[in-house]
Structures are given as structure tokens and as C-alpha cells.
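Reader: Hello! Could you take a close look at one part of this structure for me, the nonpolar side chains on the surface, and then walk me on to the aromatic rings?

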Amino acid sequence: MANKLIYLDNNATTKVDEKVLEVMLPYLKEEYANPSSIYSFSRKSSNALKEARGVIKDFVNAKDEKEIIFTSCGSESANLAIRGVLNYNKNKKHIITSKVEHPCVLNVYQALEKQGYNVDYIGVNANGELNLEELDLAIKDDTALVSIMWANNETGVINPIGKISEIIKSKNKDTKLFVDGVQVAGKIPIDVQANGVDLLGISGHKFHAPKGVGALYVNSKTMITPLIIGGHQERGKRAGTENVPYIVGMAEAAKLAQDSLHYEMTEVKRLRDKLESNILSKIYNARLNTGVANRVPNTTNIGFEYIEGELILLHLSDLGICASSGSACTSGSLEPSHVLRAMNVPFTAIHGSIRWSLSRYTTEDEIDYVIDKLPSIIEKATSISPYQKELQALKDLRK
């Protein structure tokens, strides 16, 4: 068993920042009151909830604190946004998404399709970039909702959300745009107003808050029907006593992430690029699956041709290196990534593709260690590949 841990799977989850844990502890111990109670003991919890809502409002640049709904995770935010809009607009049966969305969106759309909704799934090019012309042609008079992720969880490819919003609103001003913002939170600036976003979901555990807390932005002109019905919490949009310690933690994580944006976009990107360029230069059967596409600064997706990704991950794990072959939400599947399939990544590389996702905790020494150890891992995997002729031809081609 490896003694060290090098964690390069931050798109799956992140470590909780110590400062986040510190601000949470009082609300797990002495300040345990229900924020909805009227006695003075509950006042600190109530005020903390209000302050956290203001922080998340600023984090996404919403206009009003009332536009922020606290949820349990990104998946709940997506379900509340999608089903909430559609349940409020029952007469509209056309919806649009992309072929590369996270399962929390794609699986909801597929379920809705079985319930009679007409769904268009927009394709992407070989770099993973959305086909905007296809999106433009798909919008109809009865299109209720378009769901497009801001950045892809497997490739890091950033979608031009402002441009997408312009296309939608120019064709049908009543069509709502839900953006899965889970993979951009803490990596690039989020501005829902400037980009014409109607609804946006985030999840705390992707930017160094704990698992089990998220938020949904819903602009004041967008009406939704709640999924969870009960008490008056979250202005009747999401019943259930608010998880104050985790909400406070997510707000602190958002402040820390905002302060670290420049570091994320410069130093984390530099380390990502160093890892990427060294892999591509040292390993002849490596290919960058996203090409020149604009990506979040922490993510790269590299295919290793004619070998199995699971074998690579096992060898990496033996050395204490954590990476991923795709979304953690689909890691139990033997099917190749739906994202890479939509990008038409060659069959020679799709099963051998690895996602590397860094964080502000990633160090130069860790990247150097991976660069040093990975070539021998790939060499070991290629030596037992049944495609020796193809590998030799590829090696000769790339000399």
C-alpha cells in the first residue's frame, strides 16, 4: 500500500478546507437551534443563515438574496430547477439539453421523455464544444427549458453561457435557461446576471465545503414549483429545516474560493498544463481528448491508446495517486464515457482515457511525482495489450 496520497480527482470531490471546518463547528455544537424558531437562542443560527445567503448571492452575482435556495447537493438543485420549471409550465412539452450533461441532468431528461416530453439532445464537436447552430435550430415556440452545463465534469470544457442565453432569448424570450454550474464554482468567475442565466446550481463539495450541501439560484422572474413540500423554509421553495452548519461551511468555502480565483486561474492552470504537456511529450500513445477547447484551469482529459483506463487507475492507486476515468457518478458502469462517445473519441483511446483534476492544494512536487511515475505505468500496461502491432505502428508514426 502506498504511503503517500496524491489527490488528482477534485472534480469528483474536494477536501474540506480547515477554515471551513472551523466556522462549521459552533453550529454543530453549541449553536444548534432551529433557525426558524422565535426565541433568542435561535437568533445566531438565523443570522448565520441570512449571512450565508448573502455570500452565495455575491458568489454567483445574483441580484437579491431571495434568489438563493439552499439544497442538499448539485443533483437536487438540478432536479428542483428542471422539474420546478416544467411543473409550473405544464402546457409546454419541449425541452433541450446536451449529449454531454452530467447524469443528474441527462437522467432527468430521459425520465421526462418517457413521460411524454419532446427532448432535443444537442451534440458537441470533437473537442467537446457545443454545437450552437444545432441549439439555435432546436428552439421552438413551446420550448420550456434549456439545460446546459457551464463546464463539463469529465473534460473541463467551458460552454459560452452568455452566447447560449442570447441564442435562446432571441428565439423565445419565455424559454428558461438552467445552468449546471457545479464544475465552474471556485474555478472561474460566475456572473448569472451578465450571462443571462435563469437558474444555476452549485454543490459545496466541489469547492472545499462538505458533501451534502448545495444551492440553486432562481432569478426573480422565473417561477418554479417545489419538489419537497412541507414547512415554509426557503420561501416555500424547498421544505425542511435548513442544514445550518453545512450552509455556513459552504458560504465560507465560497469566500475562500473567490479569494483564490486568481491562483486557480494562474498557478493551478500552470500545474495542469505542466502535467498535460509532459504526459503528451513523454508517452507516445497519449492524446489530449479536448484539443484546443477552452477549459476550466484545473482539468485535463487524456486518452492512452490501446490500453484500459481501469488498469492505469489501479497502478496509479498502488502509488497513492488518485485520478478518474470519468464522472464519479458513473464509475460503476463498464460502458465508455457518454461524454467521450459524444465527442467521437476514437475507440482506440476511449477506454484508456483518464481525467486529471487539480485543486489549489495540488503541489509542484506532486505533479513531478506523477510525471515521473506515469510513463512506466503506461509502459507496463502497453506490454500486455493485445494490440501490439497497432501500438508499434503508432510509435513509429509519432517518432
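Author: Happy to! L25 has a relative accessibility of 37%, so this leucine counts as partly exposed in the predicted model. L25 belongs to helix α1, which covers residues 18-28. Together with V16, L21 and L28, L25 makes a nonpolar surface patch of about 300 Å².

The largest nonpolar core holds 58 residues, and F70, W150 and L200 have the most contacts inside it. Seven of its residues come from helix α7 (residues 244-259), which gives the most to this core. There is also a second, separate core of 27 residues, with L8, V268, L275 and I283 among them.

Now for the rings. Three aromatic pairs turn up in a search of the whole structure. In one of them, Y32 and F41 have ring centres 5.1 Å apart and planes at 75 degrees; angles over 60 count as edge-to-face, so this pair does too. Y32 is exposed because its relative accessibility is 59%, while F41, at 35%, is partly exposed. Y306 and Y387 form a tilted pair, since their planes stand at 45 degrees, with the ring centres 5.4 Å apart. Y306 sits in the loop between β10 and α9, and Y387 in the loop between α12 and α13, so the pair ties together parts that are 81 residues apart in sequence. Y306 is buried at 18% relative accessibility, whereas Y387 is partly exposed at 36%.

Two lysines also meet tyrosine rings: the charged end of K4 sits over the ring of Y369, 4.0 Å from its centre, and K15 lies over the face of Y361, 4.6 Å from the ring centre.

Technical notes. Residues numbered from 1 in each chain as written. Predicted model: local features only at pLDDT ≥ 70, side-chain atom pairs only at ≥ 80, totals over all residues. Heavy atoms only, no water. Patch = residues over 30% accessible without salt bridge, like charges linked within 9 Å, V, L, I, M, F, W, Y side chains within 5 Å. Areas by Shrake-Rupley, 256 points an atom, 1.4 Å probe, with all protein chains shown as cover. Salt bridge = Lys/Arg side-chain N within 4 Å of Asp/Glu carboxyl O. Helix = DSSP H or I, 4+ residues; strand = E, 2+ residues; numbered from the N terminus. Buried < 20%, exposed > 50% of the residue type's maximum accessible area, 1.4 Å probe, protein only. Core = buried A, V, L, I, M, F, W, Y, C linked by side-chain atoms within 4.5 Å. Phe/Tyr/Trp six-rings, centres within 6.5 Å; stacked < 30°, edge-to-face > 60°. Lys NZ or Arg CZ within 6 Å of the ring centre and 35° of its normal.
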